[in-house]
Amino acid sequence: MVAGLPVRLFAHPAPFTYLDLHVEHDRIEGTLIAHVFDVGHDLNVDPPERLVDPSVAQSRAAEAIALLQPRLSIVADGRTLEGTWSGVETLPERQSLRLHFRYPLTAPAGRLEVNAHFFPYDPIHQTFVNIYEGEALTQAILDDSRVRLEYFSGSRQGTLAVVGRFLPAGITHIVLGPDHLLFLFGLMLLGGTIQQLVIIATAFTLAHALTLTLCLLNLVSPPLRIVEPAIALSIVYVGADNLMVAGQSGGRDVRAWIAAAFGCIHGFGYAGVLRGMTLTSRPLSWAAIAFNVGLEIGQLAFVVIAVWALTMLRTRSEAAGRRIAFVGSIVVIAAGAFWFVQRVFFPAGIS
């Protein structure tokens with residue numbers, strides 16, 4: 001039995017499945033090519049090469065469809081599609097079977113979710129996905145660690161779906177990203193005119209939008225294990241700078257330059273989040289725009305609230321405003337230092 005094990009393993013030279021989807025206005029036509037070794041394993045056909053025989057393949061066609069159809073799920077704009085599978089074709093030269101299917105659409109789809117996990121018994125099995133829409137081709141690889149693909153069509157519905165998906169994601173990220181908000185809060189602590197504060201926020205916005213775009217275009221791609229600690233250090237710097245200039249009168253306000261410089265670093269952090277959303281290449285520009293707009297909506301709301309609260313405190317008591325600036329800067333430094341230590345020495349989840 002041990003002697004026969006290597007032969008059994010090497011009898012399966014290509015643990016791959018090929019899934020082709022042709023997206024039309026009213027339907028999705030597709031084919032699935034699966035190796036007879038995998039199908040034979042799950043159908044208990046021994047030896048699996050028997051499935052290359054057309055007569056055997058036809059006799060087991062219903063079982064093959066019953067096995068594989070539930071392992072593919074296609075969701076169009078939130079609605080799970082019901083498909084029809086038919087026809088098992090043998091491909092002797094590839095030691096494979098080809099199955100055909102059709103999923104009708106009631107309306108052109110803007111966003112598709114493809115969930116495919118055809119042969120869970122094999123942890124290294126991969127599914128190569130080709131999505132055709134007109135002349136456009138989108139490709140992806142699904143495996144044991146990633147069984148879901150999100151696809152946005154090139155239509156108007158697809159563009160709206162991208163915006164609907166990534167604008168709220170931008171808002172959520174800034175609201176749930178205390179490091180970015182604390183950096184902005186630190187910049188606001190010393191106060192200033194409305195014009196000064198608007199310039200500071202705008203400088204931060206433009207800087208991180210620039211680096212996010214460069215990163216998504218693969219022109220610059222620093223690793224997150226460097227970016228995340230650098231974001232923490234930027235927070236420490238802002239708090240320390242507040243303490244150094246708090247007692248000075250007059251002088252040039254360089255907070256906009258600080259915001260722009262460190263906004264570039266924060267932009268790389270945003271890009272890391274966007275890249276982690278398994279987005280295909282076609283809607284990348286709209287996704288970046290929508291994500292950025294969402295970030296700015298959340299950021300603007302926070303800045304308005306922070307500036308209003310700090311202004312109210314300074315209006316009631318100038319001394320209280322100074323104390324808030326001092327204590328707030330200490331808090332900013334402490335939080336930034338904590339995140340820096342955490343991200344350098346305990347970088348769980350940072351790649």
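This is a predicted model: local features need pLDDT of at least 70, side-chain atom pairs count only at pLDDT 80 or more; totals for chains, interfaces and linings use all residues.

Reader: Start with β1. Which way do β1 and β8 run, parallel or antiparallel?
Author: Parallel. Strand β1 (residues 16–23) and strand β8 (residues 126–133) are joined by seven bridges. Y18 has F128 in β8 as its bridge partner.

Reader: And what stands opposite Y18 in β2?
Author: I33 does. β1 and β2 run antiparallel, with seven bridges between them. They make a hairpin with three residues between the strands.

Reader: How many residues of β2 are buried?
Author: Seven of nine, so strand β2 (residues 27–35) is mostly covered. β2 also joins strand β6 (residues 96–104) through nine bridges, antiparallel. There, H35 stands opposite S96.

Reader: Back to β8. How many bridges join β8 to β9?
Author: Seven, and these two strands run antiparallel. Y132 is paired with L137 in β9.

Reader: Which residue takes a positive phi in the hairpin of β8 and β9?
Author: G134, near 65 degrees. That hairpin has two residues between its strands.

Reader: Switching to the surface. Which residues form the nonpolar patch?
Author: L243, F326, V327, I330 and V331. Together they have about 430 Å² of accessible area.

Reader: Which helix gives the largest share?
Author: Helix α11 (residues 318–345), with four residues. I330 is found in α11.

Reader: Why does I330 count as partly exposed?
Author: Because its relative accessibility is 39%. Partly exposed lies between the buried limit, under 20%, and the exposed one, over 50%.

Terms used:
Residues are numbered from 1 along each chain as its sequence is written. Side-chain values use heavy atoms; hydrogens and water are left out. Patches are made of residues with over 30% relative accessible area and no salt bridge: like charges are joined within 9 Å, nonpolar side chains (Val, Leu, Ile, Met, Phe, Trp, Tyr) within 5 Å. Accessible areas come from the Shrake-Rupley method with a 1.4 Å probe; for residues, only the protein chains shown count as cover. A salt bridge is a side-chain nitrogen of Lys or Arg within 4 Å of a carboxyl oxygen of Asp or Glu. Buried means under 20% relative accessible area, exposed over 50%, partly exposed in between (1.4 Å probe, protein chains only). Two strands pair if DSSP finds at least two bridges between them.
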